[in-house]
Protein chains: 2
Amino acid sequence: MPSRKKKTVKKVRSSAPDPHRELARLVVEAKAASQVLAQVGAEAKNRALLGIAEALLHRQEDILFKNGIDVEAGKAAKLAPALLDRLTLTPRRIQDMAQSLREMAALPDPVGEIVEESRRPNGMILQKVRVPLGLVAMIYEARPNVTVDSAGLCLKSGNAVVLRGGKEALNTNGALTAVIHDALREAGLPPAIVQLVPFTDRELIRDLVTMDQAIDLVIPRGGEEMVRSIREMATVPVLSHGRGLCAVYVDKDADLDMAEKIALNAKVQRMGVCNAMETLLVHKDAAASFLPRIVRLYQEAKVEVRGDEAVRRAAAGVRSAVEKDWDTEFLGPIVAVKVIGSLDEAIAHVNRHGSHHTDAIVTRDAAAADKFLKEVDSAAVLHNASTRLHDGGLFGLGAEMGISTQKLHARGAMGLKELTTTKYVVRGSGQVRE
Amino acid sequence: MPSRKKKTVKKVRSSAPDPHRELARLVVEAKAASQVLAQVGAEAKNRALLGIAEALLHRQEDILFKNGIDVEAGKAAKLAPALLDRLTLTPRRIQDMAQSLREMAALPDPVGEIVEESRRPNGMILQKVRVPLGLVAMIYEARPNVTVDSAGLCLKSGNAVVLRGGKEALNTNGALTAVIHDALREAGLPPAIVQLVPFTDRELIRDLVTMDQAIDLVIPRGGEEMVRSIREMATVPVLSHGRGLCAVYVDKDADLDMAEKIALNAKVQRMGVCNAMETLLVHKDAAASFLPRIVRLYQEAKVEVRGDEAVRRAAAGVRSAVEKDWDTEFLGPIVAVKVIGSLDEAIAHVNRHGSHHTDAIVTRDAAAADKFLKEVDSAAVLHNASTRLHDGGLFGLGAEMGISTQKLHARGAMGLKELTTTKYVVRGSGQVRE
């Protein structure tokens with residue numbers, strides 16, 4: 001057996017470049033390019049973003065042709081329809097990519113922002129200045145728009161990026177990266193700012209996420225399982241999108257028309273996303289008047305309602321909720337509804353069962369709202385607004401980078417700032433330590 | 001063998017409480033206390049800080065008595081003199097602890113600070129508000145002042161803390177924590193805000209740093225080896241003090257009197273600390289006039305000078321530097337000196353060999369200074385000032401929490417803000433997602 005293994009290794013070496021070494025080379029090139037990019041001003045970066053946007057439209061034929069190859073192969077491999085849909089590009093989707101890049105160009109440059117400034121008693125001037133992280137690695141699945149969004153966000157924030165997309169989109173990503181490279185060259189920037197990993201072997205992910213001497217941040221975008229396995233392997237810091245088990249609490253003093261609008265929107269406007277509501281809590285004094293209305297609306301929207309005993313007494317057609325339902329992110333047409341005795345009980349339920357993502361209270365009582373906003377330990381808390389509004393775009397942060405439920409570095413909707421760090425800059429006139 | 005192992009376990013269980021379960025209990029209590037503390041205002045926290053300061057002075061006799069037991073045991077166990085010194089309390093050192101707490105009370109409260117605020121196009125008001133992390137675990141060695149500093153910093157920033165100090169200081173830490181508990185009770189706060197782990201078994205550290213459901217942050221304070229092993233075990237995020245391999249670059253246009261003052265101070269003012277200089281780079285045009293002066297000063301200060309060939313030609317009594325010297329944090333009376341051909345070469349040397357901690361340039365050329373400050377990728381960069389000035393106290397951040405060389409969440413001198421996170425607070429009037 002050992003000799004057989006050895007032979008295989010030799011064969012691979014002689015027939016193709018070693019992917020481990022090739023990956024290391026790509027990363028070293030990207031690191032060098034990141035040092036150039038860190039010194040580039042806002043104007044040149046914005047020009048490059050607009051250049052990529054234009055080139056995507058100009059070379060749309062070629063991109064769609066290469067995408068067609070991936071889509072055909074995906075059909076032959078019997079990919080799930082949802083996956084095939086995410087993989088498929090259209091002229092409209094390419095226009096959306098270009099538009100997203102134009103919007104990034106219009107955002108303020110985070111690099112160089114002076115976060116704090118003071119003159120110290122010894123006369124030195126101290127500044128805390130925002131600077132790029134350096135080199136980012138993105139690991140994602142089939143959606144080709146992530147390739148363009150990531151390249152754009154990293155470029156805008158002064159970071160080089162190594163892209164490792166799914167194997168289903170390899171031809172598409174190759175075509176997109178070729179367009180990006182040409183536009184970067186035209187803008188006078190090193191193309192190695194954006195590197196596509198041309199291999200999709202899973203074992204190379206381990207290489208990538210342990211290159212902590214070169215890579216400053218890993219961002220996995222994908223399912224919970226993928227994110228967890230990367231967190232476990234990585235020695236590079238990881239920033240990831242969190243699980244969303246979000247709740248809306250309808251207080252005893254809620255405007256019930258508003259509560260109806262919010263509780264419906266939070267659940268049904270889009271169900272498979274992290275900021276959709278999974279649990280509805282209703283104060284016992286509002287239960288009799290509110291529950292029949294909202295349960296009927298859910299039923300009309302084909303959402304299965306699972307409730308505790310009090311809910312089932314107040315409204316018809318409600319299935320009995322089990323303990324596990326309070327801890328489940330349904331991501332689909334099911335809602336768990338509970339009658340709650342007090343504001344304190346609602347807060348305790350959310351802190352215990354929720355995922356500290358996004359939670360809302362509907363009430364006319366300002367003191368109750370303040371208490372909820374203060375005591376619920378979530379990345380975003382809302383008063384009289386739908387959980388679905390917790391979004392980078394609606395928060396004014398530009399293109400979506402996901403929503404973090406971790407507490408260090410980034411919490412909640414992530415924008416360009418989360419792709420930066422800071423640096424202390426001291427200007428003195430001969431100061432020393434006494 | 002298996003039966004023997006079983007017996008031992010049984011024996012431990014019957015003679016003392018199981019330390020694993022006892023630790024879990026302490027942590028759960030601290031987590032509950034953290035939720036109370038998060039809602040406490042600045043005034044009550046400051047009153048508690050001042051109360052602890054007063055109680056430390058008032059109960060100094062008892063603290064010194066318990067510390068005496070630890071010091072005697074340390075002498076009997078032949079602890080290193082430096083360790084014994086760090087362990088030993090005196091009335092003066094207790095006064096310093098009290099003073100540090102009074103200074104914390106005078107600092108602005110980070111909790112509740114509105115970091116960003118905007119009104120979105122849909123009319124909702126968005127705030128990004130600073131909030132406590134929750135529960136912090138501190139793992140440290142023999143210095144009892146870390147017990148009081150950590151308790152104070154965490155209290156001020158609204159966090160509960162679990163303290164796991166070294167076994168050499170167990171009696172002292174017990175006495176200090178008893179004083180803190182009484183003062184917290186008197187201030188109307190739950191004593192479980194500050195929990196001392198009464199066990200020092202190493203295996204309990206693994207328990208502590210993997211309690212990621214309860215603990216929000218682990219801060220190890222100790223040697224490189226200890227910090228690395230905690231980083232490897234932890235599933236809780238870790239914030240740690242980094243290694244300092246710092247350089248001073250004397251440019252061709254430096255004021256040589258200023259350069260002498262800074263290069264001497266950075267090396268000799270205190271040698272065993274992370275922001276002390278280890279490498280001196282001198283531009284070739286300044287070498288002939290500057291090197292003889294600074295080398296003589298180092299020699300007078302009993303600092304061994306290791307230089308490259310050009311240095312040894314310019315000054316007498318210089319040992320030949322080997323490649324490894326450029327990568328060594330001496331933390332003592334040795335300095336590595338190199339003659340450099342250009343500013344670019346100096347920047348490249350620092351980025352390649354340094355630890356991205358603290359680096360300085362001495363020059364009268366503003367453009368050269370700006371280039372160095374921009375292109376050197378370190379937590380702090382200084383122009384015409386000593387690396388020793390990179391310090392939380394001198395930067396106005398209050399009591400020392402260490403200096404981070406990581407890029408995520410905290411970079412450089414860490415203050416109270418690094419013990420906080422943020423939360424998005426949205427106030428609406430019925431907004432939903434369209």
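1. Let's start in the sheet: strand β4 (residues 160-164) of chain A runs parallel to β5(A) and is joined to β5(A) by three bridges. Strands here are DSSP runs of E with at least two residues, helices are runs of H or I with at least four, and both are numbered from the N terminus. Within this pair, A:Leu163 has A:Leu196 of β5(A) as its bridge partner.

2. A word on the source: this is a predicted model, with pLDDT of at least 70 needed for local features and 80 or more for side-chain atom pairs, while totals for chains, interfaces and linings use all residues. Residues count from 1 along each chain as its sequence is written, and chains are lettered from A and ligands numbered from 1 in the order in which they are written.

3. The open sheet has four strands in the order β5-β4-β3-β6 (chain A), with parallel pairing (at least two DSSP bridges between two strands). At its edges sit β5 (194-196) and β6 (217-220) of chain A, each pairing on one side only.

4. Helix α7 (residues 144-156) of chain A lies across β3 (135-139), β4 and β5 of chain A, at about 165° to β4(A). Angles run from 0 to 180 degrees between N-to-C directions, with axes fitted to C-alpha atoms, for helices over the stretch in contact; contact means C-beta atoms, placed from the backbone, within 7 Å. Helix α8 (residues 170-186) of chain A also packs on the sheet, touching β4 and β5 of chain A.

5. Chain A splits into domain 1 (17-233) and domain 2 (246-389), by an automatic or database assignment. Their C-alpha centres lie 38 Å apart.

Methods
Contact = placed C-beta atoms within 7 Å.
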